[in-house]
Amino acid sequence: MIRRSNRTSFTLLLVCFIVLQSPSLAQDRRSGLIARGSVWETQYYVTDSKRPGPAVMIVAGVHGDEPAGARAAEQIRHWTITRGKLIVVPQANRPALQNRTRRMPTLPKDRSDLNRNFPKANGETPKCMLSTALWALVSSHCPDWLLDLHEGSDFTQLNNKSVGSSVIAAQSTEVKKQACRMLEALNETIEEPDKKFVLKSPPASGSLARAAAERLGIKSVILETTMKDQPLSLRARQHRIMVHRFLTDLRMVSGDVDVLVGPSDSDKMIHVALYDAGGVGRKGPTELEKDLGELTDVVVRRVGSPEIRSGVLKQFDVLIIPGGSGSKQARALGTDGCRGIVKFVENGGGYVGFCAGSYLASNNYTWSLKIIDAKVIDRRHWKRGKGRVKIELTAEGRRLLGNEPGLIDIRYANGPLLAPAQDPNIPDFKALALYRTEIAKNGALEGVMKDTPAIVAGRFGQGRVLCSSPHPEYTDGLESFVHRAVRWAAGR
Ligand SMILES: [Zn+2]
């Protein structure tokens with residue numbers, strides 16, 4: 001047996017435990033750091049059920065331009081484990097994740113791909129500081145299983161140069177059998193035959209999974225989602241589905257595949273669901289995450305239609321629907337998804353819509369959610385143009401969004417022109433800001449947009465709805481509008 005031979009005093013130096021007890025759960029949650037004090041320092045989490053069972057390690061974020069695994073692992077680490085032990089390293093390679101690069105910044109090319117830096121032969125040592133630290137962590141825990149979460153650039157069935165949408169199993173019948181179980185669970189959710197996941201083997205030489213299998217006898221698998229034309233929420237969910245099936249087969253998990261925040265998240269935090277799927281423009285979610293990333297009491301999770309339909313909003317205080325196309329968003333969400341959002345707000349949830357998200361919340365399209373008493377006017381000229389406009393906060397707006405006197409420059413991109421809908425079932429909205437200049441291209445008449453409400457807020461059931469027709473999230477200097485909108489919608 002070679003698996004214990006790599007335990008060295010190195011382990012003690014690199015692995016430092018911080019014990020965080022969670023008294024409400026029948027399990028221990030601890031976290032620690034590897035590569036402590038270096039630029040590679042990163043956190044890992046151990047959930048110990050205190051019941052005999054397998055030890056499973058999940059590693060993600062080895063390649064910095066493959067974000068879905070890191071997102072999924074950050075969610076999975078909160079899951080409740082019913083037997084055995086779960087060890088999660090959500091952001092193995094933090095500098096590369098921050099840089100959004102596959103390779104480790106600052107290292108020469110022959111050592112900069114972390115997933116080629118693990119021992120290729122017995123007696124070989126890892127090739128860099130971070131692989132040494134990760135290897136020490138793996139060796140010290142000696143898990144029965146190791147899952148390494150990655151992403152490919154394209155669907156492997158359509159382009160065999162990429163490993164996207166595959167599960168790459170180390171060479172053993174038991175590992176391959178388990179890998180097929182994960183594929184089965186996931187492929188049930190994928191309609192297009194060419195996009196279904198397939199089994200591959202073995203992992204590349206020098207990869208963590210290959211080294212763990214060959215040097216330490218650990219049953220190892222790499223999970224690869226596909227980045228091409230698929231929202232991050234979908235890819236993270238695909239990782240969750242595979243890991244959930246795997247842990248279910250091992251009788252290690254209780255709870256749903258769409259548990260995105262855990263009991264260990266503080267109640268004082270504001271949990272924000274950020275919709276990034278059908279009908280959403282490319283940049284919005286990233287900009288909003290950047291803005292909200294400045295707040296230490298806000299947890300943001302990307303969500304798509306399947307999670308919303310399965311009731312994930314219960315875990316959140318606020319839903320944000322970014323720009324794009326309101327009608328396409330409604331179509332992607334489907335009747336059940338739209339109904340889910342309406343119920344969420346009715347029961348006390350917050351809703352913040354930007355541009356398309358405001359069209360979606362409005363009152364007078366067949367696909368409208370009708371959660372704010374505002375109708376869209378001059379619908380025929382919705383494509384009235386993009387550019388900078390000036391808005392002015394009302395007294396209510398200054399109370400809610402911050403005391404900004406005078407005219408404010410803001411990005412506008414075909415946002416809705418709003419007016420009271422006078423729906424007797426919905427309380428009137430309050431205008432927080434008015435357009436003071438306008439854009440009237442593509443046949444739109446001048447004088448229609450000026451002085452109409454640009455940002456409005458209202459109540460719906462127990463919940464709060466804020467709709468912004470222009471884009472503070474695309475306007476430097478207006479980050480505080482996004483912060484305050486979310487806090488208000490959360491009732492804070
Ligand atoms: Zn990768």
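A salt bridge is here a side-chain nitrogen of Lys or Arg within 4 Å of a carboxyl oxygen of Asp or Glu, and Arg181 forms one with Asp249, the closest N and O atoms being 2.8 Å apart. By this rule the count comes to 33 salt bridges. The structure is a predicted model, in which local features need pLDDT of at least 70 and side-chain atom pairs count only at pLDDT 80 or more, while totals for chains, interfaces and linings use all residues. Residues are numbered from 1 along each chain as its sequence is written, and side-chain values use heavy atoms, with hydrogens and water left out.

**Domains and their interface**

- The domain assignment, with bounds that come from an automatic or database source, divides the protein chain into domain 1 (9-254) and domain 2 (270-489), and the C-alpha centres of these domains lie 37 Å apart.
- Eleven residues of domain 1 are in contact with eleven residues of domain 2, contact meaning heavy atoms within 4.5 Å.
- About 810 Å² is buried between domain 1 and domain 2, with 45% given by carbon and sulfur atoms; buried area is the accessible area (1.4 Å probe) that two parts lose on being put together, summed over both.
- On the side of domain 1, Arg71, Ser233 and Arg237 lose the most area to domain 2, together 48% of what that side buries.
- Three salt bridges are found across the interface of domain 1 and domain 2, and three residue pairs, both residues at pLDDT 80 or more, are in polar contact between the domains; a polar contact is a pair of N or O atoms within 3.5 Å, where within protein one must be able to donate a hydrogen and the other to accept it, and residues adjacent in sequence count only if both atoms are side-chain atoms.
- Helix H2 (67-76) and helix H7 (232-249) are the elements that give two or more residues to the side of domain 1 that touches domain 2, helices being DSSP runs of H or I with at least four residues and strands runs of E with at least two, numbered from the N terminus.
- The largest share of that side of domain 1, four residues, comes from H7.

**Salt bridges**

- Arg181 lies in helix H5 (residues 173-187) and its partner Asp249 in helix H7, so the pair ties together parts that are 68 residues apart in sequence.
- Arg181 has a relative accessibility of 30% and Asp249 one of 27%, and each counts as partly exposed, because that class lies between buried (under 20% relative accessible area) and exposed (over 50%), with a 1.4 Å probe and protein chains only.
- Arg210 forms a salt bridge with Glu214, the closest N and O atoms being 2.7 Å apart, and both lie in helix H6 (residues 208-216), four residues apart, about one turn of the helix.
- Glu289 forms a salt bridge with Arg71, where the closest N and O atoms are 2.7 Å apart.

- Arg29, found in strand S2 (residues 28-34), is buried, with a relative accessible area of 8%.
- The side chain of Arg29 reaches the backbone oxygen of Arg77 at 3.1 Å and the backbone oxygen of Trp79 at 3.2 Å.
- In helix H13 (residues 479-489), the buried residues are Phe481, Val482, His483, Ala485, Val486, Trp488 and Ala489, and the helix is followed by Gly491, whose phi is positive, near 75 degrees.
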